[in-house]
Amino acid sequence: MASLFNSGADCAARRAAILANHLVQPELATGSLLSTSNCLHYNPPELTNPASFNPIHLRQILDGHHVEARDWLFKLMEESLLFCPKRRCEGKVFVAPDYNATEEQQREMTMRRIEFLLNNGVFEGWLTDSSADATMRKFALMECTGIFDHSLWTKLGVHFNLWGSAIKFFGTRIHHDKWLRDTEKYKVLGSFSMTELGHGSNVRGVETIATYDSNTREFIINTPCESAQKYWIGSAANHATHTVVFSQLHINGKNEGVHAFIVQIRDSNGNTCPNIRIADCGHKIGLNGVDNGRIWFDNVCVPRENFLNLVADVLPDGQYRFAAFLSPLTAGRVTITALAVYTSKVALAIATRYALSRRAFSVIPNDPEVLLLDYPSHQHRLIPLLAKVCALSCASNFLKKLYVQRTPESSKALHVYSCALKATATWQNMITLQECREACGGQGFKTENRIGILKGEFDVQSTFEGDNNILMQQVSKVLLAEHVAVQKKKKHFKGLGLEHMNGPLPVIPPVLTSSILRSSKFQTDLFSMRERDLLQRFSEEVSRYQTQGESREKALLLSYQLAEELAKAFAECATLQIFLEAETSVLQTPLKEVLGLLRSMYAMTCIDEVASFLRYGYLSVDNAAVVRKEVMALCTDLRPHALTIVSSFGIPDSFLSPIAFDWIEANSWSNLSSE
């Protein structure tokens, strides 16, 4: 045993001697070494990265609407002590939630911020003004609150987009007059009780029961078993006074399906109402400023007028009348899509600015260290993500417009696009946050630099308003139904961007050059070909399983791989087309050229990342390799524009983080008192 210890000591001694030889320079005295040392200093990237286009013009495209209203709210939050302003980087102000606060403190601060925004008129018209402009303004201001804090955004979303929208779209004029103005003024604080312990995405399977009593003209709402407890109900644990309960409606022993009811759960003093039990869901990996709760109903009596009866009604004598139940609310998915995009913008703005000022290693000995973003590998980490977030910004704006301009005829398109883009944007957001966190090294792990903490805060969006995988399955099912209907009726495709399937199959050149790869025609042809072929393959596979004796439902389940590929193809094809339309509308030449580069980068990155282009033979192996090289070339071409692109995101400096600016000064000894 002694020899083992001796050999280890000898080894350590030899390593120490080697290190000493590297460090000791006999010809210079120690004092001389210190006096000639050049300390790192921060160089603002603006000094060496001149803008080739006006960032305001790109911001107008990416924000899409209500730029001035956004800036007004940003300034309002920045100037209030409730938003925790801190001075760093030579007096620069940053605002961010205090994640070191306790769960109770975070929840209380969320409510104080809501009160502040209410008193400053932020919520005016959010429920009482149904005009397109008012709705788009609400979307814009919601996005600003989410850039500051996901808990604040979620709390507002539960109150306005879930509780408020349920009353607005499931209720009648009587409900609107009674509840909407009071909701907008926070005289009532609403919640949305749909999810149960045993049922989430499968709303039709909820177990809560509402039984109509024709003698008292009341509904009796009951939680019949533990799996029927309402779960993850935002605002329920501490603050909500009312909730919309989704339950099975029983009349004269017959189940009429799921319907919605307004139920008071707390009195004006905050006390839980009789026959209602509420528990806290507990600490979460994020969103601890939201009081998620669990609710049990023990035969709670609800007056008949609290039945949200726009499409179905129960007469006083118990007769049931039904017209048609509305599709699930989509406002939440629309806002989730937009916030996922803006969260990616925050992370990319921070990581890109850091990469334009942080240096590491020298390519040539004794030369200056190289900026992170001048390494091709680092460019490949961030620049394709810039292209994707710009493309998804345009897609998000398209979705918001589709929502505010909705008609009964467009309800199918709204459902499909909201499912596809919500899933795509939230998945991409998590990919972006992880890459940006790693790209910032250890600084990305620090809470004050935002990116790391945002991962925990936004992970939940993958299952908010529907599990992403299930949403994408819904997309493929609708596309399949369209395909079957077209074949059966021998008509052309109309809507959902499927009109390209009415023409001949696109022809992809056998040899691809850079000019072909950057051609919008080639890109749209290839994306259209993939969507078209996958829809045909999906339809054939489902039919084959049915021919083998499987039910349609089982056939769809067995074909899930093609269903997932088809939904992804639909989302990416739609996003490319929307992005191309935005590019086409631009007249300024410098910006148009950059948008062309971003559009090509979006297309090439999708092709490079998705196996189906090779799996089904849309591209040869050689051409796939050419695409990969083109991604590198586009990184080089977009590198000079990176700073201007992130400056176009419209996010104030105060909503970023210290490493986006003078990270040396922010970490200096003199700044410790401001941390």
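Author: In α9, Arg 333, Ile 336, Thr 337, Ala 340, Val 341, Thr 343, Ser 344, Ala 347, Leu 348 and Ala 351 meet His 415, Ser 418, Cys 419, Leu 421, Lys 422, Ala 425, Thr 426, Gln 428, Asn 429, Thr 432, Leu 433 and Cys 436 of α11. Contact means heavy atoms within 4.5 Å, and helices are DSSP runs (H or I, at least four residues) numbered from the N terminus. The model is predicted: local features need pLDDT of at least 70, side-chain atom pairs count only at pLDDT 80 or more, and totals for chains, interfaces and linings use all residues. Residues are numbered from 1 along each chain as its sequence is written, and side-chain values use heavy atoms, with hydrogens and water left out.

Reader: How is the geometry of such a pair described?

Author: Two packed helices are described by the angle between their axes and the distance between the axes. Here the axes of α9 (residues 331-355) and α11 (residues 411-439) come within 8 Å and cross at roughly 20°; axes are lines fitted to C-alpha atoms over the stretch in contact, with angles from 0 to 180 degrees between N-to-C directions. That makes α9 roughly parallel to α11 (under 35 degrees; over 145 is roughly antiparallel, 65 to 115 roughly perpendicular, the rest oblique).

Reader: At what angle do α7 and α9 pack?

Author: Helix α7 (residues 150-170) and α9 pack at about 160°, with their axes 10 Å apart. The two are therefore roughly antiparallel. Their contact is made by His 150, Trp 153, Asn 161 and Ser 165 of α7 with Ala 331, Thr 335, Ile 336 and Leu 339 of α9.
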